[in-house]
Amino acid sequence: MRTADGDARTAPADLILRGGVVRSLAPGGEGATAVALRDGLVARVGGDREVTALADASTEVVDLGGRAVLPGINDAHLHATWLGALWPETLFGEQAGPGPVPRNPLVDDAQRRRAILRAGDLAASLGITSYTEPGLGPGEDRGETGAFGAPVVRRYRALAEEGLLRARVTVLWLFGELDGPSDLEHFLAGLDGLDGSTGDPRWLRFAGVKIFADGIPPMRSAYTHHCYADGASPSLLVAGADDADREANLARMVLAAHRAGHQVGVHATGDRTIDVTLDAVERARAEKDVDLGHYIIHGDLVTRPQLRRMAALGVGLATQPEIALRTRGLVDAALGPAPAAAAWPLGAALDEGVALCLTSDAPVLSPDWRRQIAAADAWMGPAADPRARMDRLLRCYTQQPARQDRAASWKGVLAPGMAADLCVLEADPLSVAPAELPDVAVELTVVDGRVVYERGAGGAVPEPV
C-alpha cells in the first residue's frame, strides 16, 4: 500500500487545490482551505501556505476561488451498466412511482463495454468516484436487459485491467434473478464457485453477494407484518415449500455467505423480511463473530427496534429518500396511513447509530446524489441545526459508503494517506439549504489523484449505446 509518511511528507505534490473550503469530513480537518495530492493519495490538508509549501515547478495548482472540496461521492447502490444503457431514461421518470421498464437490451460485449464507460462518464460529471453494482452474476445470464449477467463481470474485469474505469467499483454477486426468485441450491453452488480475484481491489472489488428477499410495498410484494388493504399476502422471493421453509432458506443463505467470509446485501423492504435477516445475522455473528459489513437494501418498513438491532449487529442500511417522497401515496394506498407515515425512518436510523448510506438505485432514479440529500432532508422535516444535518447527510454519501465497502481505512475522508478521490462544488454545501443543493454545480472530479471531469472542459456524456 502506498503511504504518505516518512520522507514523502515533504516531497512535491502532483496536484494542489487552494483558496477554497475543504470539507474533509476527517477529525481535525475543520477550517482547511487547501489540499495536496501525490501518487494517488492525499499528501496534506490545511491552510493555503502550509499546503502550497509542497509545490514545485512540476506541481499543478488549481485556484478554487472559494469553491468547496469534498471527499469523492460514493453511491453504494447504483446499477451502472443498466444506467449506461438507459440514461437519460429512468424507471421513475417524472412519475410518482416506477413506470414500464425501458427496453434497451445489451446484446453483446461491445454494447456492455460502452454502457459501463458511459456510466463512468456520467458518474464523473456528478463527482461520483466510487459506486457499487448491487447484483451481477449468472442468475441474470438470460436476463432481458443484458446488464446484470456474468458477461458484465467479464467486461468490468477487462476494463479494470486496461485502466479505463472512471470510478472505483464494488460488486455484489447475484445467484438468482434480478427482482425475482432465487433458491438455496443455486445460491450455495454459486458460493462454491465464486471467483473474487481481481488485479487491484481498490479499483474493482468483489465484496460478497446480494439476495432478493422480497418485493416493494407499492406492488404489495413486501413481506410484512402489516395487512395490505386489498388482502394481499405476499411471500419471500426465496424458494421454499411454505413461509417457514422460505424464511429458513433465507437464513441459510445468509449463514452460508457469512461462514465463507462474504458480505451480504439483502433486498428487504418489509419488516418481516428484516426480522428474518437480522435473526440470521445474529446467529451468524454468534457462530463466527466477525463484522463483514452485512446490510439491508432499501429497508422501507424498518422499525426503530430493528434499527437498534442493526446498530448492535453492525448491519448497515442503504436506502433512497427520493423513493420515500415519490411513493408515500402508493404505500398509503397499499398499507394505510400509519405504516406509510412510519416508513423510511431516516432520522431514527441516524440517531440509533446505524451505518446509513443514501443511494440512488439508478437508473430507477437519477444518479444525482444532490437530489437524494435534498429528498432526505425534506423527508426528515425541519432541522434544529441545518448545517449539522447537511454534514451528517454528506457523510451518508462518503464516509458511510466507505465503511460499507470495507474501505474506511483508505477512502471516504480527505486526510494524509487516504485516497485522492474528491469532488469540487461551486459553493460550500454547508452554506446552502438542502433543497438548494441540486442547483450547486459539480466543478471538478478527481479519482486516484487524476482529474476525470472538469466542468466546461468537454465532460459531456456520450450518446446512448
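A residue counts as buried when its relative accessible area is under 20%. In this predicted model, leucine 393 has a relative accessible area of 1% and is therefore buried. Leucine 393 belongs to helix α13, which spans residues 386-395. Beyond its neighbours within four places in sequence, leucine 393 is in contact with Leu350, Leu358, Ile373, Ala376, Asp377 and Met380.

The peptide bond from tryptophan 87 to proline 88 is cis, with omega near 15 degrees; proline 88 lies in the loop between α2 and α3 (109-125). Arginine 406, in the loop between α14 (399-404) and β15 (422-425), has a positive phi near 60 degrees. With a relative accessibility of 32%, arginine 406 counts as partly exposed.

Tryptophan 82 and phenylalanine 148 form an edge-to-face pair, with 5.3 Å between ring centres and 75 degrees between the planes. This pair connects distant parts of the chain: tryptophan 82 is in helix α2 (residues 80-86), whereas phenylalanine 148, 66 residues away, is in the loop between β8 (128-136) and α4 (150-162). Tryptophan 82 is buried at 8% relative accessibility, and phenylalanine 148 is buried at 1%. Elsewhere, ring pairs join Trp173, Phe175, Phe187 and Phe206 into a cluster.

In α5, Leu184, Phe187, Leu188 and Leu191 meet Asn249, Arg252, Met253, Ala256 and Ala257 of α6. The axes of helix α5 (residues 184-192) and helix α6 (residues 243-259) come within 10 Å and cross at roughly 5 degrees. Since angles under 35 degrees count as roughly parallel, the two helices α5 and α6 are therefore roughly parallel to each other.

Charged side chains complete the description. The charged end of arginine 168 sits over the ring of tryptophan 203, 4.9 Å from the ring centre. The side chain of arginine 168 also makes a polar contact of 3.3 Å with the side chain of aspartate 448. Aspartate 448 is located in the loop between β16 (442-447) and β17 (450-454) and is buried, with a relative accessible area of 16%.

Aspartate 275, in helix α7 (residues 271-287), is instead partly exposed, with a relative accessible area of 24%. Not counting residues up to four places away in sequence, aspartate 275 touches His225, Gln306 and Arg309. Aspartate 275 and arginine 309 are 34 residues apart in sequence, with a C-alpha to C-alpha distance of 9.6 Å.

Terms used: Residues are numbered from 1 along each chain as its sequence is written. This is a predicted model: local features need pLDDT of at least 70, side-chain atom pairs count only at pLDDT 80 or more; totals for chains, interfaces and linings use all residues. Side-chain values use heavy atoms; hydrogens and water are left out. Rings of Phe, Tyr and Trp (its six-membered ring) pair if their centres lie within 6.5 Å; planes under 30 degrees apart count as stacked, over 60 as edge-to-face and the rest as tilted. Helices (H or I, at least four residues) and strands (E, at least two) are DSSP runs, numbered from the N terminus. Buried means under 20% relative accessible area, exposed over 50%, partly exposed in between (1.4 Å probe, protein chains only). A charge sits over a ring if NZ of Lys or CZ of Arg is within 6 Å of the ring centre and within 35 degrees of the ring normal. A polar contact is a pair of N or O atoms within 3.5 Å; within protein, one must be able to donate a hydrogen and the other to accept it, and residues adjacent in sequence count only if both atoms are side-chain atoms. Contact means heavy atoms within 4.5 Å. Axes are lines fitted to C-alpha atoms, for helices over the stretch in contact, and angles run from 0 to 180 degrees between N-to-C directions. Angles under 35 degrees count as roughly parallel, over 145 as roughly antiparallel, 65 to 115 as roughly perpendicular and the rest as oblique.
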